[in-house]
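This note sets out some remarks on the pockets of the structure shown below.

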Amino acid sequence: MEWSNLTKALGELDEQKVDDLLNEFLAANPTEEEAKIAVAACQAGMGTVGDLFEKGEYFVGDLIFAGELLTATMDRLKTVLDSGSSEKTGKIVLGTVFGDLHDIGKNIFRSMAEAAGFEVYDLGIDQPVSAFVEKVREVKPDIVGMSGVLTPALTSMKDTVDGLKAAGLRDQVKIIIGGNPVSESSCKMIGADAFTDNAAVGVNICKGWVK
């Protein structure tokens, strides 16, 4: 497959074209590695959607549709990605932090983490510190993943880490943060163990933590 075609179709929100390309791809009995390349092509398409939204050419409704299209696409690709993962690798509590309503990157990460064998507890968007603390206390995960796209999300991430510390839970988990505003300096400020703006890289970091 010409991966650029999948990227272009998703970026243009061409549901029929995306479906046709996926049918063609899956009919060829792809390998897990090829499925990962397909995921990367989809991520690139979502990047196009984000750029067009910032330029004012796409609107909130387009973002919502793009997220639904991506979720449906990932669900189909997971049949290939899941093929080599029968045992659960570990547990991740995941959520978009308080004050942020974005979930596209989080959803890509969740799908890839589940495909890698993780049991993922997705809290959703705009989650307060208490939601993370309560879920960590309940399921005792190996990893906490926090997502955010807006700059104020960095403050919410720090508040969440501080909340886990206050609850005596910080030392029991690894913490990874993801999204546009994260960086090495913000990772240190927040008190996380790792940061990324690439879902595949993030999943690999998590896999390294639970070996």
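1. The model is predicted. Its second largest pocket holds about 220 Å³ of space. Lining this pocket are 14 residues, and those closest to its centre are K36, M112, V203, N204 and K207.

2. Three helices, α3, α5 and α9 (199-209), each give at least two residues to the lining of the second largest pocket. The largest share of that lining, five residues, belongs to α3.

3. By residue class, the lining of the second largest pocket consists of eight nonpolar, three polar and three charged residues.

4. In the largest pocket the space amounts to about 1,100 Å³. Its lining is made up of 38 residues; nearest the centre of the largest pocket lie H102, I104, G105, V149 and N180.

5. Both helices and strands contribute to the lining of the largest pocket: α3 (32-54), α4 (60-81), α5 (104-115), β3 (143-147) and β4 (174-178) supply at least two residues each. Here α3 provides eight residues, the largest share of the lining.

6. The lining of the largest pocket comprises 17 nonpolar, 15 polar and six charged residues.

How values were computed:
Residues numbered from 1 in each chain as written. Predicted model: local features only at pLDDT ≥ 70, side-chain atom pairs only at ≥ 80, totals over all residues. Heavy atoms only, no water. 1 Å grid on protein atoms, 1.4 Å probe; cavity = no way out; pocket = protein on both sides within 12 Å on 5 of 7 lines; lining within 4 Å. Points joined across faces, edges and corners; volume = space filled by probe spheres on them. Helix = DSSP H or I, 4+ residues; strand = E, 2+ residues; numbered from the N terminus. Nonpolar A, V, L, I, M, F, W, Y, C, P; charged D, E, K, R; others polar.
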